[in-house]
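Biologist: Could you take me on a close look at one part of this protein, the nonpolar core, and show me how the rest of the chain is arranged around that part? I would be glad of one connected answer.

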Amino acid sequence: MTSIGMTEQKSYSGRANLADIHTPLVYNQWYVAGLAEEFTRELRERFILERSIVMYRKQDGTPVALQNRCAHRSYPLHKSKLEGDEIRCGYHGIKYSTTGEIIEVPSQEMCPKVKIKNYALVEIGPFVWIWMGEAEAANEDLLPELRIHDDPAWTVVVGEHNHVDGNYLLMQENLCDLSHLPYLHEKTFATRKEYAEVPLQVAREGDTVDYHRHTKNQWDLVKFIYPPFIDYSDQDFEHRSGGTFLSPGMLMGYGKLTPSNGNAQLHHHVNHYLTPEHQDSCHYFWYVARNYALDNEEFDDRFRGFITTGFEEDKTATRLMQEMLTKDRHVFREMNVAGDKAGTLMRMVVKKLADAETQEMTLECLDTAKQHQQ
Ligand code: FES
Ligand SMILES: [Fe+2]
């Protein structure tokens with residue numbers, strides 16, 4: 001794990017139980033490695049949690065992810081060649097199986113029993129997920145994704161791959177905080193300030209955190225979420241919107257409009273997927289799923305357009321905060337306000353997960369040292 005030997009920099013939160021941009025990345029988790037369409041017969045490199053990974057697809061369509069580093073002289077395998085399903089290193093021609101074993105060495109008969117790391121992958125709908133811990137420990141039951149992509153009751157609009165110049169927790173905290181909508185997204189989302197003033201209900205359950213605002217019959221406050229052809233201004237309804245932090249790699253946003261007359265509920269998800277690239281940058285994927293206006297392509301385009309613009313604003317804010325946090329030398333301790341509750345709980349969960357991994361690694365190192373002494 002890269003967390004070993006890393007010196008954790010001084011926290012600016014003033015609280016030892018809160019993760020921040022210096023907290024070691026969490027490996028024993030599922031993250032989105034890429035869009036399904038990014039896994040092709042071309043070798044592609046992506047840094048994920050500070051590891052260079054080569055991704056591609058086998059001839060039968062199965063996605064593959066391997067350590068992108070030849071065990072011989074560290075030549076990048078994505079600059080090499082696919083021979084059938086296997087990679088032949090572009091430097092001295094060592095060939096690797098799809099699970100990372102050396103299966104041919106041109107200059108000798110014997111193949112060293114050296115293996116490059118292979119990663120467990122799961123393809124669901126528009127994404128391929130990667131388990132960044134040991135492949136044997138990958139447990140698909142822990143994968144937080146919703147399984148709605150093939151369900152005809154839903155329409156899904158998928159965003160492009162985004163690169164963010166900032167630590168993933170800055171984005172996660174942004175997503176836990178609906179109070180920034182009328183300010184950072186003043187023009188894009190046309191949110192009323194009164195919306196941010198509706199009390200936020202926040203609850204942590206295990207390693208997940210849910211937050212939402214609940215309103216009744218206040219169409220003016222929530223109409224910015226819906227297309228212009230939907231109008232509940234003269235109807236009774238309840239509205240719940242918010243999100244659930246499900247893992248360091250995923251936050252599921254949602255909105256539910258429940259009409260009092262028993263008509264069908266309008267339900268949507270705005271799901272966010274954050275995959276650390278390095279300590280100071282991340283990949284960002286998203287999709288929006290809705291159970292209404294299913295075949296309305298104009299709405300798809302409108303949704304895609306305004307969400308993309310909004311997320312550009314979040315990306316810019318994240319980059320600016322990352323720069324300030326790392327370059328400004330004022331004595332600084334961040335302060336908290338009422339709207340930070342969900343983000344603070346999320347950061348507590350991540351710190352707990354990161355500490356548990358560091359602890360586990362320390363114990364593993366001690367065991368290895370003991371074995372060497374025997
Ligand atoms: S560096 Fe790959 S075979 Fe030598
Ligand atoms: Fe935002």
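Modeller: Happy to! A nonpolar core here is a set of buried Ala, Val, Leu, Ile, Met, Phe, Trp, Tyr and Cys residues joined through C-beta atoms within 7 Å. A residue counts as buried if 20 or more other C-beta atoms lie within 10 Å of its own. Please keep in mind that this is a predicted model.

With that in hand, the largest nonpolar core of the protein has 68 residues. Ala33, Ala65, Trp129 and Ile130 are the members with the most contacts inside this core. Strand 18, residues 281–290, gives the core its largest share, which is six residues. The core also draws on both domains, with at least three residues from each of domain 1 (30–132) and domain 2 (144–354).

Let us stop at Ala65. Leaving aside residues up to four places away in sequence, Ala65 touches Ala33, Ile53, Met55, Tyr119, Leu121 and Ile130. Two of these partners, Ala33 and Ile130, are themselves among the residues with the most contacts inside the core.

The protein has six helices and 18 strands. Its radius of gyration is 23 Å, close to the 21 Å that the globule rule gives for 374 residues, so the protein is as compact as a globular protein of that length. Along the principal axes, the C-alpha atoms fill a box of roughly 80 × 50 × 35 Å. Of the 374 residues, 33% count as buried. Among contacts with a separation of 6 or more, 57% are between residues 24 or more positions apart.

For a contrast, turn to Gly206, in the loop between strand 13 (200–205) and strand 14 (208–216). Gly206 has 6 other C-beta atoms within 10 Å, so this residue is exposed. Between Gly206 and Val54 there are 34 Å in space, C-alpha to C-alpha, and 152 residues in sequence.

Strands of a sheet pair through backbone hydrogen bonds, either parallel or antiparallel. Here, four strands form an open sheet in the order 5-6-7-8, with antiparallel pairing. Strand 5 (81–83) and strand 8 (102–104) are the edge strands, each pairing on one side only. Strand 5 is joined by three bridges to strand 6 (residues 86–88), and the two run antiparallel. Within that pair, Leu82 stands opposite Ile87 of strand 6.

Key:
Residues are numbered from 1 along each chain as its sequence is written. Chains are lettered from A and ligands numbered from 1 in the order in which they are written. This is a predicted model: local features need pLDDT of at least 70, side-chain atom pairs count only at pLDDT 80 or more; totals for chains, interfaces and linings use all residues. Two strands pair if DSSP finds at least two bridges between them. The radius of gyration is taken over C-alpha atoms; the globule rule is 2.2 Å times the number of residues to the power 0.38. A residue is buried if 20 or more other C-beta atoms lie within 10 Å of its own, exposed if 12 or fewer, and partly exposed in between; C-beta atoms are placed from the backbone. Two residues are in contact if their C-beta atoms, placed from the backbone, lie within 7 Å. Domain bounds come from an automatic or database domain assignment.
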